[in-house]
Amino acid sequence: MPISTSRRRRHLAAGVLLASAAVFLASCGQRGTPADPSTPPSLSPSPVTSAASPYVEPGAGDGAPHYNDNNAHRRPGDMSATSEKDAEKEAARIDPVLKRLWKQGDWDPETVLTAMLALGYEETRTGPKGEHLGGQLDVRPMESRYETDHYVTPEGTRIGLRVHEDACVTAFVQKSNYSVSVNGPYMETGCFSPPFAH
């Protein structure tokens with residue numbers, strides 16, 4: 001049975017519609033300008049992408065390039081197993097002293113320094129050019145921090161004890177709490193973690 005002209009036109013229109021839809025769907029998800037229909041496919045422009053770098057450093061926070069290099073000063077150095085064990089022993093000696101000072105409400109630097117010296121530690125001494133002359137104990141006020149529109153230095157004391165070249169005990173005592181931990185030294189700031197930049 002012959003197909004009528006109107007039916008042929010409907011089949012042709014449906015075929016054209018399906019072919020157009022296939023071309024449209026094939027181009028979905030591609031970025032860039034569509035190729036000129038007169039240009040052969042091999043010469044069409046490449047899609048433009050804004051993908052992140054394919055290389056992301058392990059442990060690179062937000063994946064920014066050179067994150068690890070730019071933040072190396074914020075990570076403590078590695079400790080040997082022996083040094084870490086020695087640092088843990090010193091932390092165990094310091095912890096009850098800081099707990100006692102915290103409970104008594106004595107967290108000013110002078111009182112904390114006196115208590116640490118009573119444990120037999122020697123305060124760090126440096127020469128005129130910053131050279132280390134002896135001692136392993138560094139006691140400082142708490143670090144100032146920016147709040148709203150000015151800097152504030154909270155009450156309390158920070159302690160840095162260099163147990164070995166590669167091991168520190170870092171501690172603090174303040175009104176709200178106290179803490180004692182073991183870490184390797186920081187590249188630029190010794191036993192204390194470096195301040196955050198603004």
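Contact here means heavy atoms within 4.5 Å, and buried means under 20% relative accessible area, exposed over 50%, partly exposed in between, with a 1.4 Å probe and protein chains only. Helices (H or I, at least four residues) and strands (E, at least two) are DSSP runs, numbered from the N terminus.

This is a predicted model, in which local features need pLDDT of at least 70 and side-chain atom pairs count only at pLDDT 80 or more, while totals for chains, interfaces and linings use all residues. Residues are numbered from 1 along each chain as its sequence is written, and side-chain values use heavy atoms, with hydrogens and water left out.

The residues of helix 4 that are buried are Val112, Leu113, Ala115 and Met116. Viewed down the axis of helix 4, they fall within an arc of 165°, so they line one face of the helix; the arc is that of the directions from the helix axis to the C-beta atoms. Glu110, Thr114 and Ala118, on the other side of helix 4, are exposed. Just after helix 4, Gly120 has a positive phi of about 100°.

## Sheet and helix packing

Strands of a sheet pair through backbone hydrogen bonds, either parallel or antiparallel. Here four strands make an open sheet in the order 3-6-7-8, with antiparallel pairing; two strands pair if DSSP finds at least two bridges between them. Strand 3 and strand 8 stand at the edges, each with a single partner strand, so one side of each has no neighbour in the sheet. From one strand to the next, the twist averages 15°. Strand 3 and strand 6 run antiparallel and are joined by five bridges. Asp138 stands opposite Gly160 in strand 6.

Two helices lie across strands of this sheet, as tabulated. Axes are lines fitted to C-alpha atoms, for helices over the stretch in contact, and angles run from 0 to 180 degrees between N-to-C directions.

| Helix | Lies across | Angle |
|---|---|---|
| Helix 3 | strand 6, strand 7 and strand 8 | about 170° to strand 8 |
| Helix 4 | strand 3, strand 6 and strand 7 | about 165° to strand 3 |

## Nonpolar core

A nonpolar core is a set of buried Ala, Val, Leu, Ile, Met, Phe, Trp, Tyr and Cys residues joined through side-chain atoms within 4.5 Å. The largest one has 22 residues, and those with the most contacts inside it are Ile94, Leu98, Val112, Met116, Leu137 and Ile159. Elements giving two or more residues to this core are helix 3 (81-104), helix 4 (109-118), strand 3 (137-141), strand 6 (157-164), strand 7 (167-173) and strand 8 (178-183). Helix 3 supplies the largest share, six residues. Met116 touches Ile94, Val97, Leu98, Tyr121, Leu137 and Ile159, with residues up to four places away in sequence not counted.

## Disulfide and an exposed loop residue

A disulfide is a pair of cysteine sulfur atoms within 2.5 Å; by this rule the count is one. Cys168 and Cys191 form a disulfide with their sulfur atoms 2.1 Å apart. Cys168 lies in strand 7 and Cys191 in the segment after strand 8, so the pair ties together parts that are 23 residues apart in sequence. The link of Cys168 and Cys191 is left-handed, with -75° about the S-S bond. Both Cys168 and Cys191 are buried.

Thr148 lies in the loop between strand 4 (145-147) and strand 5 (150-152). Thr148 counts as exposed, at 77% relative accessibility. The phi of Thr148 is near 60°, a positive value in a residue other than glycine.
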